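Have the fold open in your viewer and follow along. Here is a quick tour.

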Amino acid sequence: MNSFYKYHLFFCTNQRDSGGACCANHNAQALRDHMKARIKTLGLTGKGGIRINTAGCMDRCALGPALVVYPEATWYRYQNEQDIEEIIKTHLQKGQIVSRLLLE
Ligand code: FES
């Protein structure tokens, strides 16, 4: 079965009101928006391309901010725009895992 998207990414942007660890406290929304803009600028959107979506809590809170890339279900912890760029250039464009950012 062919995937509609080559890569489908889900960014947790959940904010916990309780004050517990959450991805929103690590700039998840802004970095998700940054990746979405970069993917658009690079012309990688649409069918057969890359889709960036927001997700609620994925229960990896203390290890986040978390994102997951399908179809491989590769989990990453990213912290800044340089990490986002490396995921784009290495994983999304070359199909290689960014080992240093893996969230096991
Ligand atoms: S708040 Fe992001 S995984 Fe739970």
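## Ground rules

This is a predicted model, where local features need pLDDT of at least 70, side-chain atom pairs count only at pLDDT 80 or more, and totals for chains, interfaces and linings use all residues. Numbering starts from 1 along each chain as its sequence is written.

Four strands make an open sheet in the order 2-1-3-4, with mixed pairing. At the edges sit strand 2 (50-55) and strand 4 (74-77), each pairing on one side only. Strands here are DSSP E runs of at least two residues, helices H or I runs of at least four, both numbered from the N terminus; two strands pair if DSSP finds at least two bridges between them.

Strand 1 (residues 7-12) runs antiparallel to strand 3 (residues 66-70), joined by 4 bridges, and F10 has V68 as its bridge partner there. With strand 2, strand 1 runs parallel through 6 bridges, and Y7 stands opposite I50.

## Helix 1

Which residues of helix 1 are buried? They are A28, L31, R32, M35 and I39 (buried means 20 or more other C-beta atoms within 10 Å of the residue's own, exposed 12 or fewer, partly exposed in between, with C-beta atoms placed from the backbone). They span an arc of only 105° around the axis, so they lie on the same side of helix 1 (the arc is taken over the directions from the helix axis to the C-beta atoms).

The face turned away from that buried side carries exposed A30, A37 and T41. After helix 1 comes G43, with a positive phi near 70°.
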